[in-house]
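Hi everyone, thanks for coming.

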Amino acid sequence: MIIDQNLADLKDIIVAVLYLISSIFFILGIKKLSKPKTASRGNSIGALGMLIATLTAFIDFGVIVNVTDGVIESSFQYWYILLAAILLGSIVGIWSALKVKMTGMPQMVAIFNGFGGGASFLVAGVYFGFEIASQSTLELPMLIATVLSGLIGAITLSGSFIAYAKLQGLKIIPDKPVSFKFDLYLKLILLAGLLGLGGLMVATPDTTLWYWIIVGGGLLLGILLVIGIGGADMPVVISLLNSYSGLAAAATGFVLNNIVLIIAGSLVGASGIILTSIMCKAMNRSLINVLFGGFGGAPTSITTDSIYEGKVTSTSPDEVAMILESAQRVVIVPGYGMAVARAATSVRLLTEALESNGVEVVFGIHPVAGRMPGHMNVLLAEENIPYEKLIELENINPTFANTDVVIVIGANDVVNPLAREKDSEIAGMPILDVDKARTCVVIKRSLSPGFAGIPNPLFANDNTLMLYGDGKKAVDELVKAYKDL
């Protein structure tokens, strides 16, 4: 009998060990992601952990082992559904990795966050329905986890789709914050109502109706929460939605009593919250202000005429090339405009041209430059720019005073000196001190404001030269002019 019991437990032991191994890979992967130099390796380690977890789930849910009178009987149940899901997910993942351009990476991350939330509430809902149909005894922790999975997963799904629409520039969703009278009260009332329904579901778990009403309300709440946030705050929104997807997965793990979902979801949830906190700190704003402040939507009291009129100096690629000819140290500050113009390759060519003449070239990276955390790092890494040249804000700022030329390409708010003034809309936001360099060249299409919606006095500084035009075209012309000297 003891032998039979050991045989019966063998599958559970194998599954537990494999889940533990995959969890270790997840932890190691996240650890490696903390540094740009090891991020690619960390991504591979995390992917390997997910492969192990997926195959283990195939064994966990697809293999049924029974021991009767000392005879072991095993069978595969629903294996074709599990195999089809694995193949479909793999195809979509591979296609996305190959087809999505680097400029579309923020949108892809937003969509993946949404899919994670959607999968969580669907799995929890189906399992909850099965348990009710089989008249099983439902424990309180499982019921609470089901409510949380449905609510958080639904918010993540719809919120991520709205974030995708804003990032993609779809006309159906404006990039600026959308607000209306009493919208904050509506969100709070809706959240309270959904939590109340959750309590009702926990108290009377005899139907799935309340669950799917909670999911529907969560979808509406996700739309209301993200539609009121402007494009300037998308890095924070993406990291927060990433955290939501992890929390939803962890809650679903409690519903299914699945260890690896609990561990992986907790890791994603915790790391997402930490990253969100870092992003908020980088903008000197609280999370509440990001979620409900409508940043970028209010008009500014500072007019462009009062800052720019008669003070802006334009330049040409030939003039900038002559300035670079005598430079010994150049700092390039990339922004979202570089991504939109697909100018990363041109920037690499400029870097190589300067370095071939003995010029020191480094990159100043702001934490919230672009549309997702690490956006500029990803674009530059794709061009094989050495990680050692990507210098973070707190380390690059002290060096600007000893920098001959700073080239700002597509960045705006992260270099705006108004952040140093107490009455500014971006007061206190840490910026790159590019105005302290000997010469600052700004490559930009026009003097239009950034996501914050306020003008930038940097453009009118005595040591600033404006090189107007498309980012890629302007840098290509600059490279040609420099090589022709």
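I'll go through a few parts of this structure, and please remember that the model is predicted.

Let's start with what the record says. The unreviewed UniProt entry annotates "transmembrane region" at residues 13-33, 45-65, 77-98, 110-130, 142-164, 184-203, 209-229 and 261-280. I picked two of those to check in the model. Residues 110-130 come out as 100% helix and 0% strand, with the end C-alpha atoms 31 Å apart. For residues 184-203 you again get 100% helix and 0% strand, and there the end C-alpha atoms are 29 Å apart.

Now, over to helix α3, residues 79-99, where you'll find Leu87. Is Leu87 buried, exposed or something in between? Its relative accessible area is 48%, so Leu87 counts as partly exposed. Leu87 also belongs to a nonpolar surface patch together with Trp79, Tyr80, Ile81 and Leu83. Taken together, those residues have about 510 Å² of accessible area.

Next up is Lys166, which sits in helix α5, residues 140-168. This lysine counts as buried because its relative accessibility is 1%, and the cut-off for buried is under 20%. Along the chain, Lys166 and Ile227 are 61 residues apart, yet their C-alpha atoms are separated by 8.5 Å.

Last stop, the strands. Strand β7, residues 439-444, pairs with β8 in the parallel sense, over five bridges.

Note on methods: Residues are numbered from 1 along each chain as its sequence is written. This is a predicted model: local features need pLDDT of at least 70, side-chain atom pairs count only at pLDDT 80 or more; totals for chains, interfaces and linings use all residues. Side-chain values use heavy atoms; hydrogens and water are left out. UniProt positions are given in the numbering used here, feature names are shortened, and annotations may be inferred rather than shown by experiment. Helices (H or I, at least four residues) and strands (E, at least two) are DSSP runs, numbered from the N terminus. Two strands pair if DSSP finds at least two bridges between them. Patches are made of residues with over 30% relative accessible area and no salt bridge: like charges are joined within 9 Å, nonpolar side chains (Val, Leu, Ile, Met, Phe, Trp, Tyr) within 5 Å. Accessible areas come from the Shrake-Rupley method with a 1.4 Å probe; for residues, only the protein chains shown count as cover. A salt bridge is a side-chain nitrogen of Lys or Arg within 4 Å of a carboxyl oxygen of Asp or Glu. Buried means under 20% relative accessible area, exposed over 50%, partly exposed in between (1.4 Å probe, protein chains only).
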